Every structure is written in C-alpha cells, then in structure tokens.
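Subject: Structure handover

Hi,

Here is the structure I promised to pass on. Please open it next to this email and follow along.

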Amino acid sequence: MRAGVGGSTSDILPQQTDEQFLRPIPYPSPPRALRAGGGKSSAVMLYFIEQSLNGVQLGMLLFLLAAGLTLIFGIMDLVNLAHGSLYMLGAYFAATFAAATGSFVLGAALALIATAVSGMALEVIAIRPLYGRPHLDHVLGTFGLILFFNELVRLVWGPAGMTLSLPSEMLTAVQIIPGVYYPLYRLVIILVTLAVAALLYILVMHTRLGMLIRAGASNREMVGALGVNIKLLYTLVFGLGAALAAFAGVMQAPILAVQIGMGENILILALVVIVIGGIGSIRGAFVAALIVGLIDTLGRAFLPPLLHAVLSTTAALTLAPALSSMSIYMLMAAILVVRPEGLFPAASR
Amino acid sequence: MKAALAFLHKQAPGFLFEPNTGLIAAVLALLALVPLYAAVAGDPFALTLFTRIVIMALAAVSLNLIMGYGGMVSFGHAAYLGIGGYAVGILWKEGLGSGFLQWPVAIGASALFALVVGALSLRTRGVYFIMITLAFAQMVYYVAQGLDRYGGDDGLTIGNRSTFHGLVNLNDNTLFYYLCLVLLLASVYLVSRLVNSRFGLAIQGARSNERRMRAVGFPTFRYKLVSFVIAGALCGLAGALLANQTNFISPALMFWTRSGDLMVMVILGGLGSLFGPVIGTVTYLLLEEALSRVTEYSGLIIGPALLLVAIYLRGGIEGVFRKAAP
C-alpha cells in the first residue's frame, strides 16, 4: 500500500489505494429538502438554501486553511505546500485524542495544541533555512515534507485511516426556517469558524502581536532593526497557521474520513482561494473562500440537472461531473487573466 | 589549450563540452548499457524501470526548457504527459492504432493545449503563474475523470502499442527502450540548440530582466509562448511513450503531485543545465526504487532528502559536480 504522494513516481500502474486518495473530495448533499416542502418550486428553493449553506460551510473550512497559508506567505514570503500535511496531522491527532479521552471537544483542543507545537517545531527545524530563498526551493523542500508526513502518519497510525465520531447531541438536524432541516454539526462549523475569523481579525488588527505581524509583512528588516525578535515572530505565525489548519482538519474529520493524503486535495483548493483573493490578503482569503465554497458546492448540485435540461442524457452525464469539478479552476483562470494579482492585491491589504 | 577549449565550446553542441563531461558520460553509458545488463542478469524489470526513467527524463528535459532557461515555473506539466497519453489511448479505443497518427496527434494536442494555457498564463508573474498553470492541469485532470468512455476515474487499458507498419516493432522491449533513449538524446540536443540560439538567449534574457528585454525591442511574450509550446509538445511525446510503455492511462497521470515530481526531478538534477534533468530523474527514480526495496517507508528518507537538497544544494546535483570541476 502506497500513500497518495509517497509512492507516486514508482507506480504509474494503477493501484487501488492510490486511486482512492486521488479522488476529489465528495460533498455529501442530502436531498432532504427536495422531499420536504409543498410545491415543486419551493422544494427547489429549499434545496438551494441547503446547498448554499453547505457551500458556506466548505468556504469556512477553506478560509481556515487559506488564512494560515496567506499569513505565512504574506509575512515570511514562503510557499508552504506542507500546509495540507498539518491539516492531516490535526485530524489524526483529534481522532487519537478523542478516542483516548472519550471527549470530542477535549480531543479537538488537544489536537490544536499538538499541531501548533508540531508546526512550530517544524518551522524551527526545517522551514527556517528556506526563508529568503527562491520560491522554487520552497516548492521542492515542502513537497519533500509532504512525502515525509504521509509516510510518518502511515508509520504511526497505519495505512487504514481513522474515524472521528461526533458526540451524539451533534447528530441531529435543526429546523432553520420552516421546512428546512439542516445538520446541527454543519451549522456549528459555520458559526465556530466565523468566530475564529472574527478572533483572527481582532488579533491581526487590534493587538500588539497583530501589529508586529502586519509590520513584519510590510518591512521585515525595519521591524528587526527596531528590536523585535523576528525569528520568534515567524515561529509564532507558523504555529498560528498550523493551528488554523489543524482546526480545519478537526472540523472536517467527522464529515470525511481521516486518511493519508487527505491534505493534498484540500491544499490545492486552499491555494486556489489565496490566489483568487490575492496572496497575502486575509480579507481576500475570506471573500475568495466563500466564493469558491459556494461555486463548488452549487456547481455540483445544480450543474447536472441544468445540463440535463439542455443536453441529451449521455452528454450531460459525461459533461456534468467534469464541468462542476472544473468550475472553480475556470473561475480562478478567468480572474487571473483579468486581475493578474487576485481580487485584493496585497498592496491594499 | 584554454583557447582551443573555448573555441570547441563555441562550435560544438553545448552538452559535449560542459564542465562535468565525466558525470554526463557516466550517466549516458549507464543508460546505454541497461538492456545488456537486463539480458545478462536475466532481470527484465531493470529494463522496464529504466524505460520509465528515460521517458520521465524526456518530460523533465521539456520542463527544464521553460523552468530552467525561461524562468517559467509550470506547476502543471503533468497535464501534457496526460494529454499525450490520452491521445494514444483514445485513438486506440477508436480503432486507430497507427503510431504515425497517434504520436503526431499526441504532440499536436499537447502543443495546442500549451498554446492556450501559455497565452492566458503568461500574463501573470511569480506565484500566480505557478498557480494558474496548476489550475489548468487540474481542469484536464477532471476532464479525464469525466471521460467515461475511456475509463473515467479507473483509467483505460490499451490493448496494444502503437504500430508503425513494420518500420519498428514497439513490442520488442529492448528496441522500445532504445527508441525512448534516442528520443531523449534528440530532445536534449534540440534544447541545447534552442538555448544557444538567438531565441534561447532572448528567453534567458527575459528570465533575468524582462522589462529590459522588452525595452531593447524583444517581444518577450511571443518568445516565452513559443518556448512554452515547444515544452508542451515534447512532454506530450513523453506522454505518448509512457502510454505505450505501461499500456495504461488514467487521470492519476495528471494529478498535481505528478507535476510536483517532475519539478523535483529538474531541480534535483540542476535547473537550467542541459543534462541536469536527466541526472535528476535517474537519481530520483532509482533512489525511490532502491529505498522501496529496503524499507516500506521510503518517503521518510526521500522527503527530508529533498528538503536538504532545497536548503543546501543550490544548482542541484549537476551544480555540485560543476563546482567540483576545475
């Protein structure tokens, strides 16, 4: 059994397990709303609301990852492909700690701490020498880290993957408007992530640490010359990014499986988000994460029926999955062609 | 003596007189003797392994043209590998098994795709360029996943290798290997002629200072676009070879980590050196193979090794030998 990246060059021939990791993330879309409600149009409307909420929820998770990536890029000028590995690590830690303590919340909290500490250790050992080097060196070095972490996780936790089950009170659905039931856990994700986004905003804009972070992003030499411990600042920012990634991993773990290579797909989505938003801009990451989450989810939900209406069944069956998977990449390409620096270029950060 | 060397350097194809001719000669000798070893030692797997190495080296050489010489960091190069492969697979499935059709289509389709991608992507710079090329590769990946007639997610097994109407029989593995090797050397030669021409100097100039090149009057966009298309076409050829070797194509060929692997091979060997990508590919794939025989967890060693290369080996393996050379 090979990890998604771990053995990729040595097996061009297909392997069951490889395929499994390479598949795009499935988006569970319970068609409950279609069955609820009275008339046909209102059923579609309710389905639309539910799917939009799913889109917002995906966007929120992407924001958690993208915020860390874009902070690290904006401040340390580092392209960190290993960010997805921290996301994976967070999910594995959470599954382990939750199983050990018997509490989801406690497990999640411990996982955040453990990943933040791992991230800071990683920064000190492996990332520090890469600062100030060409981006290509970052890509090579952090690509190596992906291979390393995939194998490490396989060594420690085995190849089978894990599950993280929710506390039973989370397994219900709540009625958000008459006729629309929505899983409580997904609502919690949206709300908690919004709270984290608000905290992040306060941290960056209204605290002394945030001031240093912003100063470090605009002129690191000057900040260093003024007596700020830049090395420590960088380590803290990396730890913060790691904690945010772990948070995303923990929140997503009960919905999807905890498995090796889970970071690779989501990393690319997060990269798309920061590129659309403008690299280095947290505000841009937030807006872009919502756009990407909504377009991806709504595309998957509504493109197939739309295409069915216009095209023959076979053509629609072939085209719809490809088109809906491609939609965000087409969006990104279109945005970059029109605005080569993203929606919120870092200068206006 | 020095003057004579300098004269030769100017006249001969560049790669014959690189400072580390010894290393290059050793690698070439190794590659040339593989079939002999496989026959003598009764180890047909060695031939399979090295055929793949040679094909991937061809892809790495094409990436090096734009990444090493042109400074265009394409993070979606595996897409061309996939397009070349799918051209062969799709044509075979439709009953067109002739290599005279398959291979030109593979090259042409990749070149066309590179033209579109390049025309749009080359407006962006730096990390944005890396990401937009990645985005286009992901699109092709998802298109391939949606091709249910050609295997979709599971891939397509190709019944037989391209036929060349009696000219060459690709089912002869030794012959196929040497064909791949010849194509690899031909592409290295092509790249060496390109980068030492006025065209090549223009794209290298654009890499170091594009604004200045434009001020001097070079339409850098067109130069870069042409080199982007050439690289895509070469990589498409590598894709066609790969599909022939494995008799199998699947979207996994184009997953982004495959593009990452190609970048690793180029950087590991030596960015912007003619034989660097070949050396890098041989090293990377042999190391991976050797480690996977010793330990189940090869990534634990390869990963940190890549990190160390990124930190300490500027110029890659080839660069180290170049510095060691007098």
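One caution before the details. This is a predicted model. Please read every value below as computed from that prediction.

**Chain B overall**

Chain B is built from 14 helices and two strands. Its C-alpha atoms occupy a box of roughly 55 × 50 × 45 Å along the principal axes.

Burial comes next. Of the 326 residues in chain B, 60% count as buried. The accessible surface of the chain is about 12,700 Å². Carbon and sulfur atoms hold 67% of that surface.

Take the contacts in chain B between residues at least 6 apart: 77% of them join residues at least 24 apart.

Chain B carries 21 positive and 13 negative charges, and their mean positions lie 19 Å apart.

**The core**

The largest nonpolar core has 212 residues. Which members touch the most others? From chain A they are Met76(A), Leu81(A) and Tyr329(A). From chain B they are Leu31(B), Leu184(B), Trp256(B) and Tyr284(B). Helix 3 of chain B, residues 44-69, gives this core its largest share, with 17 residues.

**Helix 8 of chain B**

This helix covers residues 198-208. Its buried residues are Phe199(B), Gly200(B), Ala202(B), Ile203(B), Gln204(B), Gly205(B) and Ala206(B). What covers them? The cover includes helix 3, helix 7 (173-195), helix 9 (210-216) and helix 10 (220-246) of chain B.

**Two residues with positive phi**

Asp77(A) is not a glycine, yet its phi is positive, about 55°. Asp77(A) sits in the loop between helix 3 (40-76) and helix 4 (83-101) of chain A. Its relative accessibility is 31%, so Asp77(A) counts as partly exposed.

Asn247(B) is the other case. It too has a positive phi of about 55° without being a glycine. Look for Asn247(B) in the loop between helix 10 and strand 2 (248-249) of chain B. Asn247(B) is partly exposed because its relative accessible area is 23%, which falls between the 20% and 50% cut-offs.

Ile295(A) belongs to helix 12 of chain A, residues 282-310. With a relative accessible area of 30%, Ile295(A) is partly exposed. Setting aside neighbours within four places in sequence, Ile295(A) contacts Ser327(A), Ile328(A) and Leu331(A). Leu226(A) is 69 residues away along the chain, and its C-alpha atom is 45 Å from that of Ile295(A).

Ser325(A) is in helix 13 of chain A, residues 313-338.

Best wishes

Conventions: Residues are numbered from 1 along each chain as its sequence is written. Chains are lettered from A and ligands numbered from 1 in the order in which they are written. This is a predicted model: local features need pLDDT of at least 70, side-chain atom pairs count only at pLDDT 80 or more; totals for chains, interfaces and linings use all residues. Side-chain values use heavy atoms; hydrogens and water are left out. Helices (H or I, at least four residues) and strands (E, at least two) are DSSP runs, numbered from the N terminus. Buried means under 20% relative accessible area, exposed over 50%, partly exposed in between (1.4 Å probe, protein chains only). Contact means heavy atoms within 4.5 Å. Accessible areas come from the Shrake-Rupley method with a 1.4 Å probe; for residues, only the protein chains shown count as cover. Lys and Arg count as positive and Asp and Glu as negative; His and the chain ends are not counted. The place of a charge is taken as NZ of Lys, CZ of Arg, CG of Asp or CD of Glu. A nonpolar core is a set of buried Ala, Val, Leu, Ile, Met, Phe, Trp, Tyr and Cys residues joined through side-chain atoms within 4.5 Å.
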